[in-house]
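Good morning, everyone, and thank you for making the time.

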Amino acid sequence: MGLNVTQKLIKGHLISGEMSPGEEIGLKIDQTLTQDATGTLVMLELEAMELERAQTEVSAQYVDHNIIQVDSKNPDDHLFLRSATKKFGMFYSQPGNGVSHPVHMQRLAKPGATLLGSDSHTCANGSMGMLAMGAGGIDVAMAVAGEPIYIKMPEVWGVRLTGELPDWVSAKDVILELLRRHNVKGGAGTIIEYYGPGVASLSAMDRHVIANMGAELGATTSVFPSDEEIKRYMASQKREEEWMPLTADTDAKYDRQEEIDLSSLVPLIAKPSSPGNVVPVEEVEGEPIYQSYIGSSANPGYRDFAVVAEIVKGKSIASGVSFDINPSSRQILTDLINEGHITSLLSAGGRLHQAGCNGCIGMGQAPATGRNSLRTTPRNFPGRSGTKEDSVFLCSPETAGASALTGKITDPRKLEQDYPEIFEPEKPEVDLSLLETPVPEEEAKQTELYKSDNITPIPEMEPLPEFIEVPVLLYLKDDISTDEILAGGSRVLPYRSNLAEISKFSFEIIDPNYYERATALMEEGGHAIVGGTNYGQGSSREHAALAPRYLGLRVVLVKDFARIHWQNLVNFGILPITFKDDADYEKLEEGDFITLENIREVLLNEEEITAKVRSKKLEIPCEHMMSKRQIDIVLAGGLINWVKERI
């Protein structure tokens, strides 16, 4: 039987395990990606490992999240990251160069390779025929050091595309359609592979849009074939020699299958406050908007900006609308300037911001209280925009452009104009200076790490005790995101390299008193958290596990976990367990004391875990999904301790 693209990528990098869904496999990693919100910890972890030089083919550090410099914290961290890339032999992208995912696609991504990034949207580079996955920072640090990444072999979910997109419908509507059908955990445990005749009608950047938001489905990653379109794109970036064809065999099979007729799609929109809350735009037409936001890694391509520029060209946006233009890379910004599109956007009333993530992660452009924000970003979790009680809708550039003109949510098909036909520049800008290349080894050895007072080492974590008796400090609902566990944004992320300070923001959106309550319990053995399904969805930031761990979190008991956060809990020695019977969730409440007896012995013998609540005379059967290797990591108190033991 033939292989699909996913199976070919995995087979070519398989170090351990078998390609059987649910089995743990180890994969060799060719490339790594870190960004500044997560990379500072990665560099500190590499320093703790005493690594001399990156063992990957390519490792790149991008500065794209924390680029607002209201004081010295962010620029000091940028200096630290630049010094670390020199010391460890990595590429470095400075502030203003753009968002990591499209810049990596332009300069470093290549078909047939594996990419591991400390950003959940690393999966965007699956558009290039890569196996590109997001992970916690410490997993990426291990990959930089030459270690494999361990994951459970996913099912391969084949999505067959037919037809072509109609006018006023674009790639964002394709992934919103999948979210409409399956919601935010519909892709859990899968790799989504797109195939079929409709793929040829999608540009490389269209594929980037779709692959990027596979993360919102909970998928491990998304994969597209490497075909003539990818060859064309790489040639436009003067990298054609790195192209290789990679397509599914004609008799390839998939574990799951689905079909999308592109020609049948309509403009879609995700209502607040979940990417899975998707309806046709026409169902919410007329809702007034305060903001229309163009850009982000979810719509980073030249055409995503150019189509909006053509929609608003010669017109003015509605009075009172904040029309925010967030270029995805300096290279794309230059093309837009050269082709006159920035002039059209600014003349219509646009506000041009620097190339970077910006408002996508609450780093500027926060909307006003009680007002609707329309965004082409990938996520609209509560508070992610930087406004506590935000109301964020996710949509295509076409819908955002049309709505900016009218001042209310508008189906772009109802505009009284022809659909703009966008052509790529004949001679697109190719900015070779976007990345500083790794320095020679001798120079690297002489490099000293620059550290400000805001950069502190990760404290030691004690091993898992034999007996745990801790109170349930938080009792949470379904679909808790990492933005709710530990927010991003300009108040929080400057402390990304200072655990004592960043921990003060833990769960503040859910419980403003969590930090004080958790701190009071630290000397008494810590605490537990109970939650529903899809716990920890969203960002890969390991701070969402590390900060609560610093405050004494020992056990998380939920119905099920989002993949990356589950792994991050393991990596920092927090015991992640699930209800054997989801109905037992209803029997618990905040303040209950959970007791786990002989837990080390139980884990080592792979027996069922019993959580006791003595005050209610309850015995709740629980289970875990950890491999033997992961059990050893939790017992050691986390991956850092486990590595030290091995050394």
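Let me begin with a term: by contact I mean heavy atoms within 4.5 Å. With that in hand, of the contacts in the protein chain with a separation of 6 or more, 78% are between residues 24 or more positions apart. What you see is a predicted model, in which local features need pLDDT of at least 70 and side-chain atom pairs count only at pLDDT 80 or more, while totals for chains, interfaces and linings use all residues. Residues are numbered from 1 along each chain as its sequence is written, and side-chain values use heavy atoms, with hydrogens and water left out.

The protein chain has 21 helices and 26 strands, where helices (H or I, at least four residues) and strands (E, at least two) are DSSP runs numbered from the N terminus. The radius of gyration is 24 Å, close to the 26 Å that the globule rule gives for 647 residues, so the chain is as compact as a globular protein of that length; the radius is taken over C-alpha atoms, and the rule is 2.2 Å times the number of residues to the power 0.38. Along the principal axes, the C-alpha atoms fill a box of roughly 70 × 60 × 55 Å. Of the 647 residues, 64% are buried, which is to say under 20% relative accessible area, with exposed meaning over 50% and partly exposed in between (1.4 Å probe, protein chains only).

Now to the spaces. On a 1 Å grid over the protein atoms alone, a cavity is a set of points where a 1.4 Å probe fits but cannot get out, a pocket is an open set with protein on both sides within 12 Å along at least five of seven lines, and lining residues have an atom within 4 Å of a point. Points are joined across faces, edges and corners, and a volume is the space filled by probe spheres set on them.

How much space lies in the largest pocket? The answer is about 950 Å³, and this pocket is lined by 48 residues, with Ala188, Gly189, Phe561, Ala562 and Arg563 nearest its centre. Among the elements that give two or more residues to this lining are strand 8 (149–152) and helix 20 (628–636), but helix 18 gives the most, with six residues.

The second largest pocket holds about 600 Å³, and its lining of 20 residues has Ser201, Asp206, Arg303, Tyr419 and Ile422 nearest the centre.

Gln35, His65, Asp119, Ile361 and Arg384 lie nearest its centre, out of 20 lining residues.

Finally, two residues. Gly117 sits in strand 6 (residues 114–117) and is buried, with a relative accessible area of 0%. Beyond its neighbours within four places in sequence, Gly117 is in contact with residues including Leu33, Met133 and Val140, and its C-alpha lies 7.8 Å from that of Gly137, 20 residues away in sequence.

Is Thr399, in turn, buried or exposed? Thr399, which belongs to helix 12 (residues 397–406), is buried, with a relative accessible area of 0%. Again leaving aside neighbours within four places in sequence, Thr399 is in contact with Pro267, Val281, Leu374, Thr410 and Pro412.
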